[in-house]
Amino acid sequence: QVQLVESGGGLVQAGGSLRLSCAASGSIFSHNVMGWYRQAPGKQRELVAAISSRGSTDYGDSVKGRFTISRDNAKNTVFLQMNSLKPEDTAVYLCNHVGVQAGVPPSRSWGQGTQVTVSS
């Protein structure tokens, strides 16, 4: 199993920035995708950003141009730099890890989540 621990959430004014970190430990696959999802009350969980072990990225439409995902493979850590934050970005942000290995079903792990609150 992979254990994920998020940090960096908090309260920020609209237009401000936050940087989230997610540290992974355990049975980490060499081929994997790590990313961030978010869930606000009454809304579906949605993809924020994801990055593969090769560095390819994917972003949700609502955060493109404002958020940047990156990772440090040596430290098994993924980051989410959030700029120009809006009140609608308020949510619990969860780190995700998907491991890929030939002949084995993909494994998915989740962090406990970190709260991001953007005030107007």
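Analyst: Buried means under 20% relative accessible area, exposed means over 50%, and partly exposed lies in between, with a 1.4 Å probe and protein chains only. Trp110 is partly exposed, with a relative accessible area of 29%. This is a predicted model: local features need pLDDT of at least 70, side-chain atom pairs count only at pLDDT 80 or more, and totals for chains, interfaces and linings use all residues. Residues are numbered from 1 along each chain as its sequence is written, and side-chain values use heavy atoms, leaving out hydrogens and water.

User: Which residue forms an aromatic pair with Trp110?

Analyst: Rings of Phe, Tyr and Trp (its six-membered ring) pair if their centres lie within 6.5 Å; planes under 30 degrees apart count as stacked, over 60 as edge-to-face and the rest as tilted. By this rule there is 1 aromatic pair. Tyr37 pairs edge-to-face with Trp110, at 5.1 Å centre to centre and 65 degrees between the planes. Tyr37 lies in strand β4 and Trp110 in strand β10 (residues 104-110), 73 residues apart; strands are DSSP runs (E, at least two residues), numbered from the N terminus. Tyr37 is buried, with a relative accessible area of 18%.

User: Which charged end sits over the ring of Trp110?

Analyst: A charge sits over a ring if NZ of Lys or CZ of Arg is within 6 Å of the ring centre and within 35 degrees of the ring normal. For Trp110 the charged end is that of Arg45, 4.0 Å from the ring centre.

User: Which residues have the most contacts inside the largest nonpolar core?

Analyst: A nonpolar core is a set of buried Ala, Val, Leu, Ile, Met, Phe, Trp, Tyr and Cys residues joined through side-chain atoms within 4.5 Å. The largest has 26 residues, and Trp36, Leu80, Met82 and Tyr93 have the most contacts inside it. β3 supplies the largest share, 4 residues. Contact means heavy atoms within 4.5 Å. Leaving aside neighbours within four places in sequence, the contacts of Leu80 include Trp36, Val48, Phe67 and Tyr93.
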